[in-house]
Amino acid sequence: MPFPELNLSLGLTDNKGSVFYAGSGEGDVVVRTDSALKKHTISIIISEQEVGTVNLKTFFESSEIPVEIEVPTYQMIVTDDKTNEKEIYKVTRDTFFYKEKTTKKGIWSFFGLKFLAPKNFLFENIPFEPLKEEIEVFDISKFRKLNDEELWYTFQKENQNIQLFAGDINTLKIEKGTSYFIVVDENKGKRFIGDILYREKFLKLTPKVTLSIIKRKKVSKAIETGYNGKTDRVIYI
C-alpha cells in the first residue's frame with residue numbers, strides 16, 4: 001500500500017526572520033517542516049444507474065398510512081486521487097412525502113361496500129437534479145457531521161437543502177423542504193463511514209470531498225402504493 005507523498009525539509013538557522021528559526025537564538029536546533037504535503041480529493045459520484053430498491057419509513061403514526069414505502073436505489077461510486085481505490089454503494093435519490101389517499105373503484109364499490117375497496121396512497125417526490133449540466137459537482141468538505149454511527153454531508157442549491165446521509169435509516173427523521181441522498185449498505189451505513197474515515201486517515205491532511213450528481217433521463221414525480229407500501233405505480237415528470 002503506497003504512502004502519502006511527503007517532501008520533508010530539514011532546516012538549521014539562528015535567523016529570527018527565518019521560517020526555520022526554532023527560538024532562543026540556538027543555531028543547533030533542527031526544525032522539520034512539511035514543505036510539500038499534497039492535499040488530495042475524495043470523490044463521491046451518484047450515478048443515474050438504478051440498481052435496486054429499499055424500504056424506507058414514512059414516519060406517519062396513522063394506522064391507515066403505510067409505515068414503509070419502497071423506493072429505488074442508484075449506484076454510488078467512491079474513490080480518491082491518491083489510491084484510486086474504488087468502492088460501490090447504493091443510494092436513494094428521491095424523497096417522498098405523503099400527499100393523499102385514494103380508493104380504487106371495483107366490485108366492492110359496485111355493491112356499496114366502499115370500506116372493502118382497496119386503498120392506494122400517493123407519495124409526492126421532491127427530486128434534486130442538475131438543472132443545466134449533465135453532471136453537477138459540489139464541494140461538501142466543510143459541511144460534515146460525523147460520529148460512530150452516522151455521517152452527514154450538507155450542501156445547498158438555490159435555497160434547497162440537501163443531505164447525504166449514512167447510518168441507520170430507521171433512525172432518520174425526514175423533514176419537508178430537504179432532499180435526501182441516503183446511503184444503503186448491509187451494515188447500516190457503517191461500511192461507507194469506515195471507507196471515508198480510512199481514506200481521510202490515509203491521505204493525512206483533511207482531504208477535499210466533492211459530490212458529483214449525474215442527471216437522470218427520467219425522474220419520478222410521485223409513487224402510488226398499496227397499504228403494504230409496495231409500489232403499484234410510478235408517475236414520471
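**A colleague's note on contacts and aromatic pairs**

1. Setting aside residues up to four places from it in sequence, Thr-178 makes contact (heavy atoms within 4.5 Å) with Thr-95, Phe-97, Asn-161 and Gln-163. Thr-178 belongs to strand S12, which covers residues 178-184. Its relative accessible area is 8%, so Thr-178 is buried (under 20% is buried, over 50% exposed and anything in between partly exposed, with a 1.4 Å probe and protein chains only).

2. A word on the basis of this note. You are looking at a predicted model, in which local features need pLDDT of at least 70 and side-chain atom pairs count only at pLDDT 80 or more, while totals for chains, interfaces and linings use all residues. Residues are numbered from 1 along each chain as its sequence is written, and side-chain values use heavy atoms, without hydrogens or water.

3. Now for the chain as a whole. There are two helices and 15 strands (DSSP runs numbered from the N terminus: H or I of at least four residues for helices, E of at least two for strands). The chain has 237 residues, and 41% of them count as buried. Among contacts with a separation of 6 or more, 61% are between residues 24 or more positions apart.

4. Thr-210 is another threonine to look at, and you will find it in strand S13, residues 208-214. Its relative accessibility is 12%, so Thr-210 counts as buried. Leaving out residues up to four places away in sequence, Thr-210 touches Thr-41, Ile-42, Ser-43 and Ile-44, and also Val-137 and Phe-138. Phe-138 comes up again in point 6.

5. How many aromatic pairs does the structure hold? There are nine (rings of Phe, Tyr and Trp, using the six-membered ring of Trp, with centres within 6.5 Å; planes under 30 degrees apart are stacked, over 60 edge-to-face, the rest tilted). One of them joins Tyr-98 and Phe-123 in an edge-to-face arrangement, with 5.6 Å from centre to centre and 65° between the planes. Because Tyr-98 is in strand S6 (96-103) and Phe-123 in strand S7 (119-125), this pair ties together parts that are 25 residues apart in sequence.

6. Finally, a charge and a ring. The charged end of Arg-93 sits over the ring of Tyr-74, at 5.7 Å from the ring centre (the cut-offs are NZ of Lys or CZ of Arg within 6 Å of the centre and within 35 degrees of the ring normal).
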